[in-house]
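Here is a short briefing on how one protein chain divides up and how its parts meet. Keep the structure open while you read.

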Amino acid sequence: MQHLALIGFGAIGQTLLQAICDYPGGAPERLSLLVRPGAADRTRLLAEGIGAGQIGQIDITTDIADLLVAMPDLVVECAGHQAVAEFGPRVLDAGTSLVVASIGALGDDVLFQLLRDAAEKTSAQIILPAGAIGGVDALAAARLSGLQGVIYTGRKPPSAWKGTEAEQRLDLDALTQEAVFFEGSARQAAKAFPKNANVAATLALAGVGMDATRVRLIADPQVTANIHEYEVRSAAVDYSVRLIGKASPLNPKTSLSTAFSLARTILNRSDAIVI
């Protein structure tokens, strides 16, 4: 890829950049980074440390207009739901395809339609990577045959749910066995638990939609990792998936597989063989 742009350069951005630079021929010729005011100097040190000798030009900006004037080939959002709402429409209006990491943001119908309209108007694409979940290719294919149901269960240790609405529903510190604290649709999960809804939203958009996808969220003191499970019933295939996520060493609240999923998405835009 000639010119890659990232919105945000935290744990996900740094890990995906390292991954594509480690891949033969994967480093972009030019890299543009949109970061918060005050973060430019630190960001440059980190980016130059990762891309040294491989990336010819690295630009850091705090202004989305400057990023878009540079005409990147692809923009990757890895900065959270607010970034999708704030910058997504402008990227697509400029005719640039956008990879969205914070897919839970698309649980907002107004934002979803705004982004879709912008993409259709300019022929840009909104690209939704699998992120922390797997088997999305099978789900999207099964949808063409007719889906009867998709059920997702998210299981995490109680500490992982601190700072969320789960604290209002459970005494997380006192749990001695698993507790289901949410059952509902993917849309309801995205609204109630915006920082924990990306997987459910990904499955919903690949499958039966935000309202028909069923979600169960569990706090379990017997587990030490984030566990994603889902079941699919369709005319073509019935299957179930269980993944045990591993945290990023740069940020324990970030799924390591999400960063590598984004890296794969970027590499697939320029590789001769795409899988």
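The points below cover the domains, their interface and one database annotation.

This is a predicted model.

**The interface**
- Domain 1 brings 13 residues to the contact, and domain 2 brings 13 residues as well.
- On the domain 1 side, I103, G107 and A132 lose the most area to domain 2.
- Together, I103, G107 and A132 make up 42% of what that side buries.

**Polar and charged links**
- Across the interface of domain 1 and domain 2 there are 6 residue pairs in polar contact, both residues at pLDDT 80 or more.
- The side of domain 1 that touches domain 2 has 8 nonpolar, 4 polar and 1 charged residues.
- The count of salt bridges between domain 1 and domain 2 is 1.
- D109 and R187 form a salt bridge through their side chains, at 3.3 Å from N to O.

**Database annotation**
- An unreviewed UniProt entry lists residues 176–262 as "domain: Aspartate dehydrogenase".
- In the model, residues 176–262 are 26% helix and 39% strand.
- The end C-alpha atoms of residues 176–262 sit 36 Å apart.

Note on methods: Residues numbered from 1 in each chain as written. Predicted model: local features only at pLDDT ≥ 70, side-chain atom pairs only at ≥ 80, totals over all residues. Heavy atoms only, no water. Contact = heavy atoms within 4.5 Å. Buried area = accessible area lost by both parts, 1.4 Å probe. Salt bridge = Lys/Arg side-chain N within 4 Å of Asp/Glu carboxyl O. Polar contact = N/O pair within 3.5 Å; in protein donor to acceptor, adjacent residues only side chain to side chain. Nonpolar A, V, L, I, M, F, W, Y, C, P; charged D, E, K, R; others polar. UniProt positions renumbered as here; feature names shortened; annotations may be inferred. Helix = DSSP H or I, 4+ residues; strand = E, 2+ residues; numbered from the N terminus.
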